[in-house]
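Hi,

Have a look at it first, then read on.

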Amino acid sequence: MMNLPEIEPRPEEGTRSVLIVEDDALIRTGLADELRDAGLHVVEAANADEAWTYLETGARLDLIFSDVQMPGSMNGLDLARRVKENYPDIFFILTTGNVGLVSIQVLAPFLAKPYQFSTAVEYILEAPKK
Amino acid sequence: MAAGEEHVLIVESDILVRQPLANYLRECGYKVVEAVDAAEARRLISEGKFHIEVVLADVDAGQENGFSLAQWVRKNHPDIDVMLAGTIEKATEQAGTLCEDGPMLTKPYEHQLVLNKIKHDLRPGKEAERRRMRVSYRLGVRTSSLAADRGGPAEA
């Protein structure tokens with residue numbers, strides 16, 4: 001098979017690739033913008049199904065930061081479970097305004113909504129590297 | 001457009017098309033905002049956080065089509081240019097044109113390479129399947145509408 005040329009900006013050595021999964025466009029684009037300014041390589045998905053589609057291409061990812069309640073066939077909890085099972089090297093962080101969900105803390109580190117973008121950026125930057 | 005200030009808003013429902021196009025334009029020096037459909041696009045434009053100068057939209061921009069989005073933009077934000085693309089080939093061509101006209105003097109790669117990447121990620125036949133589904137959906141809506149007009153049963 002022909003080798004395809006590199007057309008995506010490859011993260012420089014040590015630069016982390018982050019996938020933001022968020023159905024609120026203002027939050028998703030705002031946070032993605034801040035993370036790019038912080039030097040991360042950022043991919044945006046509007047729901048868990050899109051995120052899974054992207055993961056299935058085999059693209060390298062270090063961390064996923066995902067909302068819980070989103071439209072589509074999966075919510076953020078389902079996505080976290082599937083990623084843990086199939087891509088255990090990807091660090092997963094969940095975020096939701098529904099802090100009563102006890103299952104969240106068991107699945108993944110968690111940041112409560114609403115959050116300041118600067119807080120989320122700090123949280124993501126400080127996440128341990130797997 | 002001055003370097004670093006211009007934002008291109010990409011409106012595309014498929015992450016495997018939207019993401020490579022967005023990255024391509026970022027490599028050309030643009031700031032890029034991504035929307036999955038026309039509703040998100042209108043919200044992002046109206047909110048005004050990003051200084052959007054160009055909208056590059058798929059003709060099928062979610063439930064609302066790209067033409068309707070283009071009309072809305074021209075009416076409410078006439079300073080924003082709108083580029084509509086009906087196919088992935090057209091979208092990558094337009095992205096290539098933006099890169100040629102864009103803030104960086106050299107473009108990092110040809111739009112054909114972006115197209116190759118998109119087609120690779122979509123895998124053989126998958127893009128055609130998606131496009132067929134969209135067409136079927138549209139035809140289905142039209143059939144229902146016509147049937148209703150004739151007083152007959154609406155078929156999906």
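Before the details, some terms: two residues are in contact if their C-beta atoms, placed from the backbone, lie within 7 Å. Axes are lines fitted to C-alpha atoms, for helices over the stretch in contact, and angles between N-to-C directions run from 0 to 180 degrees. Helices (H or I, at least four residues) and strands (E, at least two) are DSSP runs, numbered from the N terminus.

Keep in mind that this is a predicted model: local features need pLDDT of at least 70, side-chain atom pairs count only at pLDDT 80 or more, and totals for chains, interfaces and linings use all residues. Residues are numbered from 1 along each chain as its sequence is written, with chains lettered from A and ligands numbered from 1 in the order in which they are written.

Chain A first. It has five helices and five strands, and along the sequence they follow the pattern β-α-β-α-β-α-β-α-β-α. Of the 130 residues in chain A, 38% are buried (20 or more other C-beta atoms within 10 Å of the residue's own; exposed means 12 or fewer, partly exposed is in between, and C-beta atoms are placed from the backbone). If you take the contacts in chain A between residues at least 6 apart in sequence, 62% of them join residues at least 24 apart.

The strands of chain A make an open sheet of five in the order β2-β1-β3-β4-β5, with parallel pairing (two strands pair if DSSP finds at least two bridges between them). At its edges are β2 (41-45) and β5 (110-112) of chain A, each pairing on one side only. On average, neighbouring strands of this sheet are turned by 20° against each other, direction ignored.

Now look at β3(A), residues 63-67, where five of five residues are buried. L63(A), F65(A) and D67(A) point one way from the strand, while I64(A) and S66(A) point the other way. On one side, β3(A) pairs in the parallel sense with β1(A) (residues 17-21) over four bridges, and I20(A) has F65(A) as its bridge partner. β3(A) also pairs with β4(A) (residues 91-96), again in the parallel sense, over five bridges; here I64(A) is partnered by F92(A). Further along, three bridges join β4(A) to β5(A), with T96(A) bridged to A112(A).

As for the helices, α1(A) lies across β1 and β2 of chain A and runs at about 170° to β2(A). The axes of α1(A) (residues 25-37) and α5(A) (residues 117-125) come within 10 Å and cross at roughly 55°. The two helices are therefore oblique to each other (under 35 degrees counts as roughly parallel, over 145 as roughly antiparallel, 65 to 115 as roughly perpendicular, and the rest as oblique). G30(A), L31(A), E34(A) and L35(A) in α1(A) meet F117(A), A120(A), V121(A) and I124(A) in α5(A). By class, that contact has six nonpolar, one polar and one charged residues (Ala, Val, Leu, Ile, Met, Phe, Trp, Tyr, Cys and Pro count as nonpolar, Asp, Glu, Lys and Arg as charged, and the others, Gly among them, as polar).

On to chain B, which has an open sheet of four strands in the order β2-β1-β3-β4, with parallel pairing. β2 and β4 (81-85) of chain B stand at the edges with a single partner strand each, so one side of each is left without a neighbour in the sheet. β1(B) and β3(B) pair over five bridges, and H7(B) has I52(B) as its bridge partner. α3(B) lies across β1, β3 and β4 of chain B, at about 175° to β4(B).

How do the chains meet? 24 residues of chain B are in contact with 17 residues of chain A. On the chain B side, α1 (15-27), β2 (31-35), α2 (38-47) and α5 (111-122) each give two or more residues, and the largest share, eight residues, comes from α1(B). The residues of that side divide into eleven nonpolar, four polar and nine charged. In α2(B), the buried residues include A38(B), L44(B) and I45(B); the buried residues of this helix pack against α1 of chain A, together with β1 (7-11), β2, β3 (52-58) and α3 (66-76) of chain B.

Cheers
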